[in-house]
Every structure is written in structure tokens, then in C-alpha cells.
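Good morning, and thank you for coming.

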Amino acid sequence: MIQSFAGRRSVRKYSDREVSRELLDSILEAAMRAPTCGNMQLYSVVVTRSAEGKAALAPTHFNQPMVTGAPVVLTVCADFNRFTRWCELSDADPGYDNFLSFMSAVADATIFAQQIVAIAESEGLGTCYLGTVTYNADKISDVLGLPDLCVPVACITLGWPAEEGVETERLPLRAVVHEERYRADSDEEIIELFKAKDDYAPNRRFIEENDKKTLAQVFTDVRYPRAMNEDFSRAFLALLRTKKFM
């Protein structure tokens, strides 16, 4: 079982084979056994199957081809709307329109999303997270008609694989594991921890194609530059205010 996770790959191309409603429901129901804050289950998932629905979502994900190419697109939301409404209908005074509650819902939704991925892949399906979900969360919210206290935080494409997927490099275990207290690595140790990423052939190509000196520059100047991060941060914070989490 550990080895199956060790070889895990994202799948971005899918066959035309349908993912049955019964299989998807079974996956989602099993994923709902995931840990959750106070057993409140502060998540919802919007299932998009129709060509029209995927076409509407595609621009919010920068028209990545797997959005329209996957049989199923799952948008997992941090959702305190349902729980808040239940409280109000049950003569209770909810106090969940705040950032701490948003973070609790994000944790629930993230754990739920990863449980979906693990279970789906154990059934032979392929999946891929779309990192663009938080970039255009406001637009996704409009497309999906999300109510107050409900914000998209993860998006997963899912289907039967038409490709094996590409295995990517990872940091060594020592980079992420700290015993008892956080370890202060030296400059030399930090460089050594990232050596495998720096030397990975596809990453070397990224450096050349983007006319950069280092892989770090690809991240800071091209993939996730400061101006972009700040723009999307402002948009996401504005959404949290609109959805009454702040």
C-alpha cells in the first residue's frame, strides 16, 4: 500500500469512459468518513459533469485542457453556510462569520478533497488538482452559485486515465521532517536539500526556456511572481469579505 502512494502521479488526460454515478457516490460517501472539525463536516462539493458546466468553469482555470477533457470536475468548498443555517433553524446563535471559522472549514475541505483523491486512485481512476481554484475563487463562486460562508478551496479533475502521468521529483524526507523542534538548516544544507529539484531534467528545461539562471527564479519571476500573488490575494480576501467570513 505504501508503495502505491510512493508512485502516485497526477493524470491530466482522460479516456471517454464514463465514471458512473454509483462509483462517484461511493467514493464521495467513503471520503466523508475523513476527520472533520467537531464533526461539523464543513465542506461541500459541486460535481460538474455537463459539457456546458465544464465550459463555464474552464476560463476560471485558465482554460487548462483537463477541465473540459475530464469526465468529472469536483469543486470542493469550505462551507459554513449549511451548519450556520442549521444552527439558526435550531434556536442557536452561530458565530462562524470570522476568519478562524473559515480556516476550520478549509481544513475540513482539504482533508475531504485528499480523501477523495486517495479513494478514487485506489479504484483505478486518475485525478489532478487544479491550483487555479484560489486564483479565481470569486469567478468560480459566481459560476457555481455559491452562497455566503461558502468558498471554493480545491478543484479536482477525475476520470479513467488515458495516460500514465509523469512522476515528479520530491524533496528528501529530511527536508520536511523535524524532530521535537524545528531544525535551523544552514545555507549549505538548504542548497543541498533542493539539489534534486535543481538537477531534475524537466526543471533544467524550465530554466532554459524561461531564460533564467536558477530554478528558484522560475518560481519567483515566472510561475508565482510577487505581483500576481498580491493581486490574487486581494481578490481572495475580497471574496472572504463578500461571503461574510471577514
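Let me begin with a salt bridge between Lys-197 and Glu-169, in which the closest N and O atoms lie 2.9 Å apart. This pair links distant parts of the chain: Lys-197 belongs to helix H10, residues 195-199, while Glu-169 sits in the loop between E4 and H8, and 28 residues separate the two. Lys-197 and Glu-169 are both buried. Please keep in mind throughout that this is a predicted model.

How many salt bridges does a search of the whole structure find? The search finds 13.

Another of these salt bridges is formed by Glu-164 and Arg-9, with 3.0 Å between the closest N and O atoms. It too links distant parts of the chain, 155 residues apart: Glu-164 is in the loop between E4 and H8, and Arg-9 is in the loop between helix H1, residues 2-6, and H2. Is Glu-164 buried or exposed? Glu-164 is exposed, because its relative accessible area is 63% and the cut-off for exposed is over 50%. Arg-9, at 26% relative accessibility, counts as partly exposed.

A further salt bridge joins Asp-79 to Arg-82, where the closest N and O atoms are 3.5 Å apart. Asp-79 is buried, with a relative accessible area of 6%, whereas Arg-82 is partly exposed, with a relative accessible area of 40%.

Val-177 is found between helix H8, residues 173-176, and helix H9, residues 187-193. The C-alpha atoms of Val-177 and Arg-9 are separated by 22 Å, and the two residues are 168 residues apart along the chain. Val-177 counts as partly exposed, at 34% relative accessibility.

Phe-80 deserves a separate word. Leaving aside residues up to four places away in sequence, Phe-80 touches Met-40, Leu-42, Tyr-96, Ser-101, Ala-105, Leu-149 and Phe-245.

Helix H13 spans residues 226-242 and has 17 residues. From its first C-alpha to its last, H13 reaches 24 Å, close to the 24 Å expected at 1.5 Å a residue. Its buried residues include Phe-232, Phe-236, Leu-239 and Leu-240. Why do these residues lie on the same side of H13? They do so because they cover an arc of only 100° around the axis. In general, an α-helix has 3.6 residues a turn, so residues three or four places apart point the same way.

The face of H13 turned away from that buried side carries the exposed residues Arg-226, Ala-227, Arg-234 and Thr-242. The buried residues of H13 are covered by elements including helix H6 (99-122), helix H7 (137-144) and strand E4 (150-159). After H13 comes Lys-244, whose phi is positive, near 70°.

Helix H2, residues 21-31, has Leu-24, Ile-27, Leu-28 and Ala-31 as its buried residues. These cover an arc of only 95° around the axis, which puts them on the same side of H2. On the other side of H2, Glu-22 and Glu-29 are exposed. The buried residues of H2 pack against strand E1 (43-48), strand E2 (72-79) and H6.

Finally, the cysteines. A search of the whole structure finds zero disulfides. Cys-37 is in no disulfide, and the nearest cysteine sulfur, that of Cys-87, is 12 Å away. Cys-87 is likewise in no disulfide, with the sulfur of Cys-37 as its nearest at 12 Å. Cys-37 counts as partly exposed, at 31% relative accessibility, while Cys-87 is buried, with a relative accessible area of 7%.

Thank you for your attention.

Technical notes:
Residues are numbered from 1 along each chain as its sequence is written. This is a predicted model: local features need pLDDT of at least 70, side-chain atom pairs count only at pLDDT 80 or more; totals for chains, interfaces and linings use all residues. Side-chain values use heavy atoms; hydrogens and water are left out. Helices (H or I, at least four residues) and strands (E, at least two) are DSSP runs, numbered from the N terminus. The expected span of a helix is 1.5 Å times one less than its number of residues. Buried means under 20% relative accessible area, exposed over 50%, partly exposed in between (1.4 Å probe, protein chains only). The arc is that of the directions from the helix axis to the C-beta atoms. Contact means heavy atoms within 4.5 Å. A disulfide is a pair of cysteine sulfur atoms within 2.5 Å. A salt bridge is a side-chain nitrogen of Lys or Arg within 4 Å of a carboxyl oxygen of Asp or Glu.
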